[in-house]
Amino acid sequence: MIMHRLPIAPLVMALTLAGCAVGPHYQRPAVDLPANYPGMEDTHINGDQVVLPPDWWTLYGDATLDELVSAVLKNNADIHKAIAIIEESEARLTEIGSNLLPEINLEASSARSRSSTLTAQPFPPGTPAVSSSHRLALSTSFELDLWGKLRRASEGARANVLSTRYAKDVTALTLAGTTAQLYFTLRALDAQIAIATQTLASRQDTLTIIKKRANGGLASALEVNQAQGASADVSLQLRDLQRQRTLAQHQLGRLSGNLGATFAIDDVMNLPVPAVPPVGLPSTLLERRPDVRQAEQQMIVANAQIGVARAAQLPTFSLTGNFGGQSADLVDLLKGGARIWSLGLSAAMPIIDAGKYAARTRQAEARQRQMLADYQKVVEIAFTEVADALVNVEQTRAALADLQAKADAANNALRLSRLRYEAGYSGYLDVLDSQRAAYAAAQALAQNRQAQLAYSVDLMKALGGGWSTATVP
């Protein structure tokens, strides 16, 4: 009876203590966030969690942009690396989780040996000098997780898998945002190149007219040189804009994995600025932003490691056993008389360690506090990014009417200055100043549209658009 009770006793103990796991249980830390974003105290904010569409870049209604972002999210090397990191962490979770179950090994051996008959000890009569031994057995060694060390390790590995998945979401969101903003830069350069090209043609026409007037004695050499300088100035700016567009095109090709990519010319003014998405309450950032969720999972990992470190200071209990057969003849290996088995329980506990395990616990607790500080920092950055993006979107939108009025006034001034110059009522300097003002106003209008689009992307990124909550079964 006693022999049958021995293997059951440790299992009963393990089941009794199965719910015991040393170390702190994770609780999300409280973060003090303002009730509203700055400047929006009197604005109605949707209190429900707002989730932007995963393909938020389609809100801009540009097929080229849609294809470009899709290519980036499929081909970019950073995405491939993030996926490989997830796969590594999932394999690590499987490895750590397997420690909770026994590992069973199959052992097989066969040996034939001869003993000496000429030793000082008389050789037993009738005993063969040559003998054989065959052995086939199953063996196992299993650590009883009485203190939850293995469960804490599995908890940390699970949180690490989620962290890597959120890291991929962060990478995808960053790449999509960078691609969209770079694409808008390309389109803004297209608009500025068109403006510069049109301005250059206009100034060259003006230069031709002034040269004719100079030949007729109606214009001075100074005016000719001024017109030549103005034309050359725009020509230089046009070359630089074309250079910038080529570089932007190269960057988009690198991001999308198509180094030879080219893009047809289009105008940034043709792109619509989507309506500002509802921002929700600041507290919803804790659920929406993948970088915040990633930082939280890192806290969970550090929190679980405290339990692992504390459990290492407590006794470790292990079950060992084997079952099989051993015989001199191979044909007898599976007979009842050849059966062998053993079952054992071992325990180990550090007694004198010079403070090593306590120091490891303090290290784990210090890492947990570091992760807490990182989490707080990420939350504060998230709040600031949304607040900044809201201000930028609003201000660029409000500036649009002023910039349009400025461009219209500059164009009217240019038209009037040309009429006055041609009629002889004013000098060419007035025309030159008007040309510069009209050119600058047109460029500023295109740059403002680019800024509007770029800041709207900032807001969508800040609100955590384009990702879904990850789960680990």
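Me: What does arginine 152 form a salt bridge with?
Reply: Glutamate 155. The closest N and O atoms are 2.9 Å apart. Keep in mind that this is a predicted model.

Me: Where do arginine 152 and glutamate 155 lie?
Reply: Both sit in helix α5, which covers residues 149-215. They are 3 residues apart, about one turn of the helix.

Me: Is arginine 152 buried or exposed?
Reply: Buried. Its relative accessible area is 3%, and the cut-off for buried is under 20%. Glutamate 155 counts as partly exposed, at 26%.

Me: OK, take arginine 28 then. What is its salt bridge with glutamate 296 like, in Å?
Reply: The closest N and O atoms of that pair are 2.9 Å apart.

Me: And what does the pair tie together?
Reply: Parts that are 268 residues apart in sequence. That is because arginine 28 is in the loop between α2 (8-16) and α3 (63-75), while glutamate 296 is in helix α8 (residues 290-311).

Me: How accessible are those two?
Reply: Arginine 28 is partly exposed, at 35% relative accessibility. Glutamate 296 is buried, at 5%.

Me: What about lysine 149, what does it bridge to?
Reply: Glutamate 143, with the closest N and O atoms 3.2 Å apart. Lysine 149 is partly exposed, at 21% relative accessibility. Glutamate 143 is partly exposed too, at 24%.

Me: How many salt bridges does the count come to?
Reply: 17.

Me: And how many charged side chains, positive and negative?
Reply: 43 positive and 44 negative. The centres of the two sets lie 7 Å apart.

Me: New topic. How many helices and strands?
Reply: The protein has 10 helices and 4 strands. From the N terminus, the order is α-α-α-α-β-β-α-α-α-α-β-β-α-α.

Me: What about the overall shape?
Reply: The C-alpha trace spans about 140 × 55 × 40 Å along its principal axes. The radius of gyration is 38 Å. A compact globule of 473 residues would have one near 23 Å.

Me: What share of the residues is buried?
Reply: 39% of the 473 residues.

Me: And the surface, how much of it belongs to carbon and sulfur atoms?
Reply: 57%, out of an accessible surface of about 26,000 Å².

Key: Residues numbered from 1 in each chain as written. Predicted model: local features only at pLDDT ≥ 70, side-chain atom pairs only at ≥ 80, totals over all residues. Heavy atoms only, no water. Helix = DSSP H or I, 4+ residues; strand = E, 2+ residues; numbered from the N terminus. Rg over C-alpha atoms; globule rule 2.2 N^0.38 Å. Buried < 20%, exposed > 50% of the residue type's maximum accessible area, 1.4 Å probe, protein only. Areas by Shrake-Rupley, 256 points an atom, 1.4 Å probe, with all protein chains shown as cover. Lys, Arg positive; Asp, Glu negative; His and termini not counted. Charge placed at Lys NZ, Arg CZ, Asp CG, Glu CD. Salt bridge = Lys/Arg side-chain N within 4 Å of Asp/Glu carboxyl O.
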